[in-house]
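I opened this model to look up a few backbone details. My notes follow the order in which I checked them.

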Amino acid sequence: MSEFVVIGGGVIGLMTALQLADAGHSITVIDRGQCGREASWAGGGIVSPLYPWRYSDPVSQLASWSEGAYPELSLSLLEETGVDPEYRQKGLLYLRVEDETRALAWARGVGKPLSRVGAEVIRAKEPQVRQDVEDALWMPTLGSIRNPRLMRSLKTRLSGMPGVTFAEQTSVTGLNRQGQRVTSVATDQGDVGADQVVICAGAWSAQLAKLADLSLPVRPVKGQMLLFKAPPGMVERVVLMDGRYVIPRGDGRVLAGSTLEEAGFDKGVDEQARQSLWQSATGIIPALASCEVEHQWAGLRPGSPDGVPFIGRAPGWDNLHVNAGHYRNGLVLAPASTRLLVDQMLGRRPIIEPSAYALEGRLEQ
């Protein structure tokens with residue numbers, strides 16, 4: 001029996017487990033597949049909402065806290081595990097921003113160094129950017145992380161900590177209860193006892209919530225991406241245009257994304273999306289047209305009605321908690337959203353006022 005059972009081994013689940021383990025608690029992480037292989041693996045790794053000025057205050061508060069946490073977290077994981085999450089803080093160029101005035105006003109309000117720059121600065125930052133761009137917005141503080149390596153470093157760290165158990169390739173089939181308490185989690189490998197249970201299974205969280213008679217409005221939203229095998233230095237910074245982006249990795253490879261598709265739990269890829277992503281990527285960096293596309297894949301984001309995640313205790317339950325519905329920002333918000341829930345579960349003062357994320361009043365009837 002563990003003090004905590006965390007259902008879902010993505011970035012939310014593993015960061016929850018890490019914070020609980022650091023506080024001296026025992027945890028079992030249950031995942032229906034392999035930890036870190038769903039949306040947390042499939043995303044791009046930008047440590048910011050794509051257009052942060054377009055988001056509500058609850059999302060912005062989590063994003064701001066998380067952005068400040070990632071540099072230290074990345075260094076700590078590298079030191080403890082030898083696995084480098086490859087956090088890069090080289091800034092972001094926004095091309096063709098329609099609501100530039102709103103963006104600049106937002107930046108002034110929150111103290112972000114966002115500025116309008118001309119062609120000379122653009123070429124100095126990214127010489128391979130399309131030549132017809134004469135101005136852009138530049139955010140020098142934005143970072144990105146190589147999310148598959150982040151997941152590997154998190155799991156490596158947890159695997160070496162006492163009191164942490166992984167139950168992978170294990171499907172949850174039910175929640176055994178006594179009154180308003182979950183006594184154990186039923187799985188196809190047997191029951192797992194728990195004092196506290198956390199549902200944080202991304203796009204699958206609504207299915208698990210039904211086991212507790214909860215109607216959690218979280219749905220899968222597919223996103224397809226491409227990986228270009230580019231030479232080191234072709235792209236050095238994240239560049240965003242018309243809702244699509246290119247993200248460089250330390251070895252030169254460049255990610256291009258992403259589609260938004262309401263396709264249920266289908267994770268298949270298709271030629272139409274491939275062509276659309278290729279056109280977007282080469283429209284941003286024309287030189288990518290000469291680079292091999294190494295891989296195309298899809299992930300399922302956990303969409304919520306307003307993009308604000310559900311974080312907190314489940315209504316009607318004493319020891320069941322939820323952390324789900326981050327939509328496109330699971331990796332972005334993970335450090336803050338997991339800290340917020342762990343603070344509440346351990347009776348600590350929360351880092352952010354939690355009411356905006358609470359499940360009460362936000363579940364489907």
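I started with the β-α-β unit: E1, helix H1 (residues 11–22) and E2 form one, and it is right-handed. Right-handed means that, with the strands pointing away from the viewer, the path from the first strand over the helix to the second runs clockwise. Helices (H or I, at least four residues) and strands (E, at least two) are DSSP runs, numbered from the N terminus.

I noted the ground rules. Residues are numbered from 1 along each chain as its sequence is written. The model is predicted, so local features need pLDDT of at least 70, side-chain atom pairs count only at pLDDT 80 or more, totals for chains, interfaces and linings use all residues, and side-chain values use heavy atoms, with hydrogens and water left out.

Next I looked up the partners of E1. Strands pair if DSSP finds at least two bridges between them. E1 runs parallel to strand E2 (residues 27–30), with four bridges. Valine 5 has threonine 28 as its bridge partner in E2. E1 also pairs with strand E9 (residues 190–199), again in the parallel sense, over five bridges. There, serine 2 is bridged to alanine 194.

I checked burial in E1 (residues 2–7): five of its six residues are buried. Buried is under 20% relative accessible area, exposed over 50%, partly exposed in between (1.4 Å probe, protein chains only).

Then I turned to loops. Glutamate 86 has a positive phi of about 55° without being a glycine. I find glutamate 86 between helix H3 (57–81) and strand E3 (92–95). Its relative accessibility is 15%, so glutamate 86 counts as buried.

Aspartate 213 also has a positive phi, near 60°. At 62% relative accessibility, aspartate 213 counts as exposed.

Last, I logged a cis peptide bond between glycine 257 and serine 258, omega about 0°.
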